[in-house]
Amino acid sequence: MGRRSWPTGALPPPGHAPAAADICPVTRRGRLSCSRAEYLFKTASAERAPHGQGWTVHQLRHSALQHLAQAGRTAPELQAKSRHQHLASLGRYVRLGEETSARITAEHAPAARRRSR
């Protein structure tokens, strides 16, 4: 087996060149690997992280979902964005308050359905 990674700026051998879709048209560089993106993000966020170790890309993903949920996005919208397969797995982001729960119950009560006919 050949080498799997190359120094920054070095080009891989011809058989290991990235696909055309993975090359930036401006810089002509290949896409970052997941581990390299993780390293760069942790390094860049270390100063702002309360524990001084930087955040992971996984933590960034969860943070984005929390902000979208707080902005009022629906569970199906969060599911589409996050690609979670089950709505139940989004429970940590979508929290119904008492007012929302009461409104939904009132909208779907039998008396409300009879009035809308």
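Reader: Is S82 buried or exposed, and what makes it so?

Author: S82 has a relative accessible area of 6%. Buried means under 20% relative accessible area, exposed over 50%, and partly exposed in between (1.4 Å probe, protein chains only), so S82 counts as buried. A word on the background: this is a predicted model, where local features need pLDDT of at least 70, side-chain atom pairs count only at pLDDT 80 or more, and totals for chains, interfaces and linings use all residues. Residues are numbered from 1 along each chain as its sequence is written, and side-chain values use heavy atoms, leaving out hydrogens and water.

Reader: Which residues does S82 touch?

Author: Leaving aside residues up to four places away in sequence, S82 touches R61, L65 and L90; contact here means heavy atoms within 4.5 Å.

Reader: Why is the link between D22 and R31 called a salt bridge?

Author: The term asks for a side-chain nitrogen of Lys or Arg within 4 Å of a carboxyl oxygen of Asp or Glu. For D22 and R31 the N to O distance is 3.0 Å, so the pair qualifies.

Reader: How exposed are D22 and R31?

Author: D22, at 29%, is partly exposed, while R31, at 60%, is exposed.

Reader: What makes E77 and R73 a salt bridge?

Author: Their closest N and O atoms are 3.6 Å apart, so this pair also meets the rule. E77 is partly exposed at 36% relative accessibility, and R73 is partly exposed at 46%.

Reader: How many salt bridges does the rule give?

Author: The count comes to two.
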